[in-house]
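Please describe the fold of this chain in a short report. Cover the metal site, the sheet and the packing.

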Amino acid sequence: MDIFEELLNLFLPSSCIICAATGSSVCSDCLQKFRFAPNKVSRHQVNHLTGFATCEYTPEIAKIIHEYKEGHQTALAKVMTPAMSKALQNFELANTYLVPIPSKRKSFTARGFEPATVLGKALARQVAKDCKFLLPVKQILSFSHLVADQASLGGQDRRINLVGSMVAKLPRDFGDGPRVILVDDIVTTGSTMAEAYRCLTSAGVEVIGFVAFAETLPRNRQNVSEKSV
Ligand SMILES: [Zn+2]
């Protein structure tokens, strides 16, 4: 166990957030039941990208994401990233960066951290462990203006609401022609991924795909706001 993990463990709850068994934030029995594995995500707005999610957004997965983002249980990233790391093995990772989807300013102020960035960094550590490969994480996207709450909007309106809302700031060390894989905790309609794609490609960056922990399926989509932001 490295120092980082030891520090994270200080903040781990003493019981499973799913079944309340004592010991860890998600117990091994619950982990096994989830069967996290990379599944291809199909969203018409981003069908030109190869994207993966590792589970469906069920009420139990919602609990994990809620505790991670709103309960500040950032150590849960360790539960979320092993299958995401497997998803990344579908990509050619040389000269590739992970770019987290940014939080809305209001969300960042409320939470005090960027969930997708923390997830991206944990994912990079998992990839380093699995593949002995260092995948840089670059937080280069941000929202340029206040975006209306997505919760009450349908798919098309979400897209319109988000278009032009992100800006990319490429750092000097971004290198020559790197490719980008977007990272987020959840994919709903794909509007947020589509806006990140639009923003980065217009800045001359090649986006090759995305990876998320969970995805909503049509039957549970109305129960979730665009939580990724
Ligand atoms: Zn459990």
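## Basis and overall make-up

This is a predicted model, in which local features need pLDDT of at least 70 and side-chain atom pairs count only at pLDDT 80 or more, while totals for chains, interfaces and linings use all residues. Residues are numbered from 1 along each chain as its sequence is written, and side-chain values use heavy atoms, with hydrogens and water left out.

The chain has nine helices and seven strands; helices (H or I, at least four residues) and strands (E, at least two) are DSSP runs, numbered from the N terminus. Of its 229 residues, 50% are buried, where buried means under 20% relative accessible area, exposed over 50% and partly exposed in between (1.4 Å probe, protein chains only). Among contacts (heavy atoms within 4.5 Å) with a separation of 6 or more, 76% join residues 24 or more positions apart.

## Zinc site

Cys16, Cys19, Cys27 and Cys30 each coordinate the zinc ion through SG, at 2.3 Å. Donors are N, O and S atoms within 2.8 Å of the metal (3.2 Å for Na, K and Ca); water is not among the atoms, so sites may look incomplete. The angles among the four donor atoms are 104 to 119 degrees, and the site is tetrahedral; four donors count as such if all angles lie between 85 and 135 degrees.

Along the chain the donors follow the spacing C-x2-C-x7-C-x2-C. Cysteine 16 and cysteine 27, 11 residues apart, both sit in the loop between α1 (3–10) and α2 (28–34). Cysteine 16 counts as buried because its relative accessibility is 3%, and cysteine 27 counts as buried at 10%.

## Sheet

Five strands form an open sheet with mixed pairing, in the order β1-β2-β7-β6-β3. Two strands pair if DSSP finds at least two bridges between them. β1 and β3 (96–100) are the edge strands, each pairing on one side only.

β1 (residues 39–40) pairs with β2 in the antiparallel sense over two bridges, and lysine 40 stands opposite phenylalanine 52 of β2. The pairing of β2 with β7 is parallel, over six bridges. Glycine 51 has phenylalanine 210 in β7 as its bridge partner, and cysteine 55 has alanine 214. β2 is largely enclosed by the rest of the structure, because five of its seven residues are buried.

## Helices on the sheet

α4 packs on the sheet and touches β2, β3, β6 and β7; its direction makes about 145 degrees with that of β7. α8 (residues 191–202) lies across β3, β6 and β7 and runs at about 160 degrees to β6. Axes are lines fitted to C-alpha atoms, for helices over the stretch in contact, and angles run from 0 to 180 degrees between N-to-C directions.

## Nonpolar cores

A nonpolar core is a set of buried Ala, Val, Leu, Ile, Met, Phe, Trp, Tyr and Cys residues joined through side-chain atoms within 4.5 Å. The largest has 41 residues, of which Ile61, Ile64, Leu88 and Phe213 touch the most other members. Elements that each supply at least two residues of this core include α2, β2 (50–56), α3 (59–69), α6 (115–131) and β7 (206–215). The largest share, seven residues, comes from α4.

Leaving aside neighbours within four places in sequence, the contacts of phenylalanine 213 include Phe36, Ala53, Ile61, Ile64, Met80, Met84 and Asp184. A second, separate core has 25 residues, among them Val46, Val180, Leu182 and Ala196.

Definitions and conventions: Tetrahedral: all angles 85-135°; square planar, octahedral: opposite > 155°, others 65-115°.
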